[in-house]
Each structure stands twice: as structure tokens, then as C-alpha cells.
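These are my notebook entries from a first look at a structure that was new to me.

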Amino acid sequence: MHTPPSPPGAARTDGSSVRIGALVPLTRPGWVEAGRHLLAGLELAVREVNDAGGIGGRPLGLVVRDTAADPQRATAAVDELARLGVAAVAGEYHSVVARAAAARADALGLPFLCSSAVLDALTEQPSRWVARLAPAQSHGWRIYADFLLGAGHGRIAVATQPSVYWASGARILREYLAPRGGTVAEIDVRGLDPAAVCDELVDHRATALLLLVGHPEPAVPIVQAVRRDRRLAGILIGAPAGQPEFPAWATLLGGDGAAIPFLRYLPEHLGPLGARVGAALRERLGQAPSFVAFEGYDTVVVLADVLRTQAGEDEARAGGPWPHVAVEGTRGQIRFTRTPGIGVWQWAWAPTQVVDRDPAEPDRFRILRAG
């Protein structure tokens, strides 16, 4: 049974909790590992906010909804959370899902802070209700393209599946590399087995293969096939979307999963807050926290600041808090700006690295480039 509808962000004066809706992929086909890390960060920060007195003396609560990487499910969840009277919506990892959630939150006038999705066009038009912590795809993937060029790779092949996110990534790479002498050949993996993908790579004379595909299928079998094809002994395999970040990658691929550069959003060295939170996240997760866990934590830090600022103020200002945010997150000072070509309030930018797993010690990450 649902609580009677109330206006988005409606204030409660009865001492009940202030609630944030959390969108997280917790079941397949969602990237469950990413969802688990994102939720761990959200939950840890909520606990710490409450230990410090909550929001104006009221406890902060999290209302979690599983998106399962389904845009329609995310849209329905935003509607439900609005009916429940949450003060804001947070989270989501998958870009296409976050885009659907952002559109619905914008239509409802419900503040949405996107934790992890990077798609530049998170909304079709400028929104005062939506903000994002993760760097835009165009920012991170250009840093990745610079890494490729610096490593001597100008003939790039991308293994792709149909998706707005993958198509956007391929376009960013092509537009950035072309004026610098690079080429990008697309290999649509639908209907191709891994051996056929290897044949395509040989035909294109590619020196690097980028995996713009889902994990674990078909990314894992493609990596295994390329690693075993003697014709491709010198090829670089890359995964800008971050598939190798999580432990399951190393579990499934072992040594084959090392030396595959990807993007992550962490500084070279965490400050005192980041180090403390990292230790708490490791304890909560039972493994090293990914950058996604830090994104979850920082999301609640920002929203707690926004909610404290709004306490007792006219709710008409609820949609415009982002330019006033200035908080210390786990990865640096967080402020939001309007960035050309991006319709949401954007933290520009979270620390960005190109890293890979060390072949000599696959649980250790090597920083190859920072931007």
C-alpha cells in the first residue's frame, strides 16, 4: 500500500525521516556488481549523515528500487518514488537507464543526482532538476583517446552492440582521432562468434581493439579468443567503459584480463576523507571498493548538503540547489556548473584515470594516464 501522493520533495514537519529514492541495478541484465558497489556507497553515507544528526534533526532514509538496467522500470520507479514523497532521487549506473530516469524526474520537477552514468545527453533539453557527479562521456573518452595515441595506436577497431551509449562512445572516439590521423573501424558483434571477430581485426589491420560491448557476454569470450589468436599477438585490448574495474572480471579471465586499459574516476592518492571512506567501504563490501562505490557515497554527501540548505525554505527553490553546492567529497571539492553541450548541472570534473590490471599482479591497478 502506497503513501498518499504528496508533492515531490514535500517537507515533513512531524519528525519523520527525510527520504531519498535510490535507483540501482541489483538484478540481471543489470551490472549487478556495479549496483552492489553503488548501493554500498549510498548506504554508508546515509549512516554517517544520521550519526552526525541527520537533516535538521530528522533521520535520512533510503528508498531503494532495482532498475535491472531497464529504462521503463526506472521510469516507473521515479513515478513511485515521487508518489512516496521522496525529497530527491539518486543513483543509477547504466547511462540509457539514467537518461530515462532523468527525463521523468525533470518532467515531475523532482531533483535527481545521477551518480555514475556518463552519457553526455542525459536530458534532451537543459534541466534545472538534474545534476551529475560522473564526468561526461566526451570528457573521459577523449582522455582515453589521447592515451591510445600516446601509446602509438592509430588504427582502432571497436567491437560494438546496438546501444545509444556504445554509439555515442564510437562517435566521440572517431571525431577525436580523425583529425589526429587515427581511424576507427566498427565491428558489429551481432551474429559474429569470437573467432569471426578475430578475423575482422586481422582484416582491418587494427593495432587496438576496444570492447564497446556488454559484460560478461560477449566481452569475456572475445578477450579469450583474441588472447589465443597468434595473428593478434601484438594487439592492445581496451575497455573504456570500465568492465575490468570489478573483481568478477579477474575471476572470469584470470591473466587474460590484465593489461586491458579502462577509465575510472579516482585521484592518484585519496585524501583523508577518501581514505577513511575507502576503508569503511572495503569492510562493508568484503573487497576493494570501486570508483562506483565512492560515487555513491559522494552522491549522498551532496544531497545531504542540499537538503540541509533547503530546510525551512520555500519548496519552489527545490529544483535550483545545484549552483549553491560546495562540499568536500571523497575525490575532491564538488561544485556544479553549466557545461557547454550538456543539459544537466555537471561536476566538471571528477578525477579521471586510464588504468589497467598489472599482469604480474592482476589485483593491482597501474595508472597509465591521468586527466
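**Entry 1: the largest pocket**

How much space lies in the largest pocket? I found about 650 Å³ there. Before going on, I note that this is a predicted model, where local features need pLDDT of at least 70, side-chain atom pairs count only at pLDDT 80 or more, and totals for chains, interfaces and linings use all residues. Residues are numbered from 1 along each chain as its sequence is written, and side-chain values use heavy atoms, with hydrogens and water left out.

I also wrote down what the terms mean. On a 1 Å grid over the protein atoms alone, a pocket is an open set of points where a 1.4 Å probe fits, with protein on both sides within 12 Å along at least five of seven lines; lining residues have an atom within 4 Å of a point. Grid points are joined across faces, edges and corners, and the volume is the space filled by probe spheres set on the points.

Next I looked up the lining of the largest pocket, which is made by 30 residues. Trp 31, Tyr 93, His 94, Tyr 165 and Trp 166 are the closest to the pocket's centre. Helix 3 has the largest share, with three residues. Helices (H or I, at least four residues) and strands (E, at least two) are DSSP runs, numbered from the N terminus.

I sorted the lining by class and got 18 nonpolar, ten polar and two charged residues. In this scheme Ala, Val, Leu, Ile, Met, Phe, Trp, Tyr, Cys and Pro are nonpolar, Asp, Glu, Lys and Arg are charged, and the others, Gly among them, are polar.

**Entry 2: the second largest pocket**

I moved on to the second largest pocket, with a volume of about 490 Å³. Of its 20 lining residues, Arg 264, Arg 282, Ala 288, Pro 289 and Phe 365 are the closest to the centre. Helix 8 (247–253), helix 9 (272–285) and strand 16 (361–370) each supply at least two residues of the lining, and helix 9 gives the most, with three. By class, I noted ten nonpolar, four polar and six charged residues here.

Where does Gln 353 lie? I found Gln 353 in strand 15 (residues 353–358). Gln 353 is buried, with a relative accessible area of 2%; buried means under 20%, exposed over 50%, and partly exposed in between (1.4 Å probe, protein chains only).

The side chain of Gln 353 makes a polar contact of 2.8 Å with the side chain of Arg 264. A polar atom of the Gln 353 side chain also lies 2.9 Å from the backbone oxygen of Leu 266. My note on the term: a polar contact is a pair of N or O atoms within 3.5 Å; within protein, one must be able to donate a hydrogen and the other to accept it, and residues adjacent in sequence count only if both atoms are side-chain atoms.

Phe 262 is in strand 10 (residues 262–264) and is buried at 0% relative accessible area. Leaving out residues up to four places away in sequence, Phe 262 touches residues including Tyr 144, Gln 353 and Phe 365; contact means heavy atoms within 4.5 Å. Phe 262 and Pro 240 are 22 residues apart in sequence, yet 4.3 Å apart in space, C-alpha to C-alpha.

Most residues other than glycine have a negative phi, and most peptide bonds are trans. With that in mind, I listed the exceptions that I looked up.

- The bond joining His 215 and Pro 216 is cis, with omega about 5 degrees.
- The bond from Glu 217 to Pro 218 is cis too, with omega near 0 degrees.
- Pro 216 lies in the loop between strand 8 (208–212) and helix 7 (219–228), and Pro 218 is in the loop between strand 8 and helix 7 as well.
- Ala 68 has a positive phi of about 50 degrees, and Ala 69 has one near 60 degrees.
- Ala 68 is in the loop between strand 2 (60–66) and helix 2 (71–83).

Which of these two alanines is buried, and which is partly exposed? Ala 68 is buried, at 6% relative accessibility, whereas Ala 69 is partly exposed, at 25%.
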